[in-house]
Amino acid sequence: MAYQVYSRTYSVETRSRFDVIRITEIVESAVRESGIREGHVLAFVPHATAAIATNEYEPRIVEDYVAWFKRAIPPGAEWRHDEIDDNAHAHIASLLVGQSRMLPVSEGRIVRGAWQEVLLLEFDGPRRRTVFVQVCGVGETRTP
Ligand code: ZN
């Protein structure tokens, strides 16, 4: 039962300055392709103005997420970094949410709740974003 690592990079286009994109299927497809049955999967964005989270993806709550970020960390609120490229709010939001999530993999599937989707959060789009997915574990299910 050898430990395996499977890595894959995906490209995702975001559609507006603030955006929330469901990437659950991308992560699940990497887990399937890996053949790994027990372990974990990492979803990571190599970006300083985007983030990865897990939560519900329903149109109204997605609007609420965006409204909350705009209220809590308003774009253009006299941030010092805005003198450089006008996106300090995006760096702060990315810093707070984090640029990766790790999820358990069991019986060849991501372990997640019914309302837990894997989300790419865009704070300074539209842009082409890279999502790096790495699955680590073993290819057999351990039976107790
Ligand atoms: Zn910047």
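Which order do the three strands of the open sheet have, and is their pairing parallel or antiparallel? Before I answer, a word on what we are looking at: this is a predicted model, in which local features need pLDDT of at least 70 and side-chain atom pairs count only at pLDDT 80 or more, while totals for chains, interfaces and linings use all residues. Residues are numbered from 1 along each chain as its sequence is written, and side-chain values use heavy atoms, with hydrogens and water left out.

The order is 2-7-4, and the pairing is antiparallel. On average, and ignoring direction, neighbouring strands here are turned by 30° against each other, where axes are lines fitted to C-alpha atoms, for helices over the stretch in contact, and angles run from 0 to 180 degrees between N-to-C directions. Strand 2 is joined to strand 7 (residues 117-122) by four bridges, the two running antiparallel, and within that pairing Ile21 has Leu120 of strand 7 as its bridge partner. Helix 2 (residues 59-72) packs on the sheet and touches strand 2, strand 4 and strand 7, with contact meaning heavy atoms within 4.5 Å; the direction of helix 2 makes about 140° with that of strand 2.

Let me step back to the whole chain. The chain holds four helices and eight strands, which from the N terminus run β-β-α-β-β-α-α-α-β-β-β-β. Its C-alpha trace spans about 55 × 30 × 25 Å along the principal axes. Of the contacts with a separation of 6 or more, 85% are between residues 24 or more positions apart. Of the 144 residues, 42% are buried, which is to say under 20% relative accessible area, with exposed set at over 50% and partly exposed in between, using a 1.4 Å probe and protein chains only.

The other open sheet has five strands in the order 1-8-3-5-6, again with antiparallel pairing. Strand 1 and strand 6 (109-110) stand at its edges, and because each has a single partner strand, one side of each is left without a neighbour in the sheet. Two bridges join strand 5 (residues 100-106) to strand 6, and these strands run antiparallel, with Val105 standing opposite Ile110 of strand 6. Packed on this sheet is helix 1 (residues 24-34), which touches strand 1, strand 3 (38-44), strand 5, strand 6 and strand 8, and whose direction makes about 150° with that of strand 1.

Next, the aromatic residues. A search of the whole structure finds three aromatic pairs, where rings of Phe, Tyr and Trp (its six-membered ring) pair if their centres lie within 6.5 Å, and planes under 30 degrees apart count as stacked, over 60 as edge-to-face and the rest as tilted. One of them joins Phe18 and Phe123, edge-to-face, at 6.3 Å centre to centre and 80° between the planes. This pair links distant parts of the chain, 105 residues apart, with Phe18 in the loop between strand 1 (3-13) and strand 2, and Phe123 in the loop between strand 7 and strand 8 (128-138). Phe18 is buried at a relative accessible area of 11%, and Phe123 is buried at 2%. Trp68 and Phe69 also form an edge-to-face pair, at 5.1 Å centre to centre and 80° between the planes; Trp68 counts as partly exposed at 46%, whereas Phe69 is buried at 11%. Phe18, Trp68, Phe69 and Phe123 form one aromatic cluster.

Finally, the metal and the helix beside it in the sequence listing. The zinc ion is coordinated by His81 (NE2), Asp85 (OD), Asp85 (OD), Asn87 (OD1) and His91 (NE2), at 2.0 to 2.6 Å; donors are N, O and S atoms within 2.8 Å of the metal (3.2 Å for Na, K and Ca), and water is not among the atoms, so sites may look incomplete. The donor residues follow the spacing H-x3-D-x1-N-x3-H in sequence. Both His81, at 28% relative accessibility, and Asp85, at 40%, count as partly exposed. In helix 4 (residues 88-97), the buried residues are Ala88, His89, Ala90, Ala93, Ser94 and Val97, and they pack against strand 4, helix 2, helix 3 (82-85), strand 5 and strand 7. After helix 4 comes Gly98, whose phi is positive, near 100°.

Conventions:
Pairing = 2+ DSSP bridges.
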